[in-house]
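Let's take a walk through a protein structure, one feature at a time. Have the sequence and the 3D view handy as you read.

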Amino acid sequence: MKRTDLNNSAHRLARIAGGMMAGLAASLAIPGPAAAQLVVDVTEANARPLPIAIADFAGPQGAAISAVVRDNLERSGLFDVQNPNAFLQRDTGVNIAPRFADWRVINSAALVVGSGGTSGDRLRVEFRMWDVLGESQMLGLEFSSTDENWRRIAHKISDAIYQRLTGLPGNFDTRLVFIAESGSRTNRIKRLAVMDQDGGSPTYLTTGPDQILTPRFSPTGQQLVYTALSDTGIRLYVLDTETGRQEVIPGLGNMVFAPRFSPDGQSIIFSAEQDGNTDILMRNLRTGQMRQLTDHPAIDTSPDISPDGRTIVFTSDRGGGTQIYKMAMNGSSPVRLTFGEGRYSTPVWSPGGQLIAFTRQAGGAFQIGVMNADGSNERILTSAWLVEGPSWSPNGRTIMFQRESGPGSQPELWSIDVSGRNLRRAPYPSGASDPSWSPTLD
Amino acid sequence: MRQITHRRTATIALLAALTLTAACATGRDRGTTNDVAVPTTVGTGAATGPGTGTAQPPQGGPGSGVSTGTGTAGSGIGGAGNTTPVQSPEAARAAAREAVISGLQLVGDRIFFETDSSALSESAQTVLRAQAAVLRANPLQRVMIAGNCDERGTREYNLALGARRAVAVRDYLVSLGVPQTQMDTVSYGKERPIDDRPNSEGWAINRNGHTFVLAGQ
């Protein structure tokens, strides 16, 4: 783990400093029995969850940090997070070698121990992860930040454990921006909200009568773009979450919507309506230069730029029904990607640029699916009364979306892995829609 | 003055009668998908709007119905031989506002669409012809036209479809002589349903174009 500079700001986005801990391996003179490298295979369709024991960390915030780590790993669907009540060894400690036999008895494959301490206003947390069968240390790290950032330390620890065991970066030190919904169906209140991916620290960013729709994070996670619907029109706002500064993005008329950031964060691509027709435009936030990318009497909306910055996918009904198209960055060469039965919309590129997630409507039901970048190999992941608006986790493994289970039910945030497994409700207890996943925080 | 007062009283009574009937007929039980129940006392398909039914049209005013200058606020009648004093601009605006609000309530302020469509059905056009008469007779009052969608579509596409619907209504009203500058359009997508039933009846109601006077305008 590279050392990052400490940022003494009390802001909740203050950086986490991390470093390697001195290994305890030196104190275990006899290497354990040869064991296969402990690894979790994320691609295997029927992989059994890996049993992992996470002991309560010692020190201030210790129990709370352990609880967050357990919850994170459990929700990933890849781990069987064992109940601490079942542990045989109770005298665990970050600088104590485990009694591996006690852990083998309860079939733990990995064991995590840790402790926290404060010095001044800094919280310093160290932890080790042990390979139980191999009786060796797999990981030893230390994080520090302001005391109020203990949750983020827990998420960084979760990411480190996840990455060490799967080879993939974790999704745990991320946030979700979404719409918090309340009120009756015919008088719906929609507010802009942000929370940690585990439901921690939900924050509501708007008040007032406008209904907020379809927010997105910028590539750094520092800015948000969102749509506000009022009696007289629909406006686009870019909000800087650090400074609180907000900017309106103009379009062609009184309806500007469906915004996303470009991969370099410099521009917003969006839809603008004029005289009943909706086209796709792009605006450079720094220069103010605006370009119109589609000029067609069809509805052209829900644009998304590929991670390599070269291709735009979007929804259009220019072919008669609602389908997904792609085009070049200057708007040329539009090509239809979807030909299946039903209506396709809300295309979203995966972080690696290999897949496109989408919403499909067919046979009275809604579905979330993925396809290759050329439109081939379409795979439906989940189907329900209403699902829409997929958003990818930063590691490309999980898709968050909005779901209504049946007629008249309220929308909720749900997620599913791109493997099609691990369908579960996101940890937000109330009505919610339009989720968008942040990048991993610094 | 006495003569005019008498006419005005008669007109007030007429307006009240028609409005009461309209309220019964345009309630929630709208029945079929693209039908708006136009009050039978004023007849359907009346190109010149209300007032051509069984009740006597207000004297001295143009035949376009109760929402004109012979209305309650005493605005200038416009017919020949009249001695009404010239109104202040504020009063004229207020009169036009009241006339449009009550006129739209009378003839129907919503028309309905098929799934994924912004085409105007025959019955929609009938209602819009009546709306046009109300608007042409009251050029001082502008209206907003909102396009609405049912919940069975994705959010952004529905915002765009709602705009198509609103402009379809506007353009048809323009073709009937309503100045485009008298109308604004907006889409509410699927965000502002008026019917909470999660079935085809409710969705049919929510696929609508709504003509109304904005608060404060």
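Predicted model: local features only at pLDDT ≥ 70, side-chain atom pairs only at ≥ 80, totals over all residues.

## Where the two chains meet

Start with the place where chain B touches chain A. On the chain B side, 32 residues are in contact, and they reach 47 residues of chain A. Put together, the two chains bury about 3100 Å² between them, and 51% of that is on carbon and sulfur atoms. In chain B, the residues that lose the most area to chain A are B:R152, B:R155 and B:E156, which together make up 24% of what that side buries.

One to look for is the salt bridge between the side chains of B:E156 and A:R260, at 2.9 Å from N to O. If you count residue pairs in polar contact between chain B and chain A, you get 21.

## What chain B brings to the contact

Which parts of chain B supply at least two residues each to the side that touches chain A? They are helix 4 (155–175) and strand 3 (183–189) of chain B. Helix 4 of chain B gives the most, with ten residues.

Sorted by class, the residues on this side of chain B come out as 14 nonpolar, twelve charged and six polar.

## Salt bridges in the whole structure

Now zoom out. Over all chains, the structure holds 30 salt bridges. One of them joins the side chains of A:D56 and A:R70, with 2.7 Å from N to O.

## The largest pocket

Next, the open spaces. The largest pocket has about 580 Å³ of space. It is lined by 26 residues, and those closest to its centre are A:F217, A:P219, A:D304, A:W349 and A:W437.

Several strands of chain A give two or more residues to this lining, among them strand 10 (211–217), strand 18 (300–305), strand 22 (343–349) and strand 30 (432–437). By class, the lining of the largest pocket has 15 nonpolar, eight polar and three charged residues.

## The enclosed cavities

How many cavities of 30 Å³ or more are there? The count comes to seven. The largest cavity holds about 300 Å³ of space. Its lining has 21 residues, and nearest its centre lie A:R185, A:E404, B:E151, B:K190 and B:P193. Strand 8 (187–196) and strand 27 (398–404) of chain A each give two or more residues to the lining, as does helix 5 (200–206) of chain B. The lining of the largest cavity divides into 13 charged, six nonpolar and two polar residues.

The second largest cavity has a volume of about 240 Å³. Of its 19 lining residues, A:R75, A:S76, A:N171, A:T398 and A:W437 are the closest to its centre. Two or more residues of the lining come from each of helix 1, strand 27, strand 28 (412–417) and strand 29 (424–425) of chain A. Here the classes are eight polar, six nonpolar and five charged residues.

Methods:
Residues numbered from 1 in each chain as written. Chains lettered and ligands numbered in written order. Heavy atoms only, no water. Contact = heavy atoms within 4.5 Å. Buried area = accessible area lost by both parts, 1.4 Å probe. Salt bridge = Lys/Arg side-chain N within 4 Å of Asp/Glu carboxyl O. Polar contact = N/O pair within 3.5 Å; in protein donor to acceptor, adjacent residues only side chain to side chain. Helix = DSSP H or I, 4+ residues; strand = E, 2+ residues; numbered from the N terminus. Nonpolar A, V, L, I, M, F, W, Y, C, P; charged D, E, K, R; others polar. 1 Å grid on protein atoms, 1.4 Å probe; cavity = no way out; pocket = protein on both sides within 12 Å on 5 of 7 lines; lining within 4 Å. Points joined across faces, edges and corners; volume = space filled by probe spheres on them.
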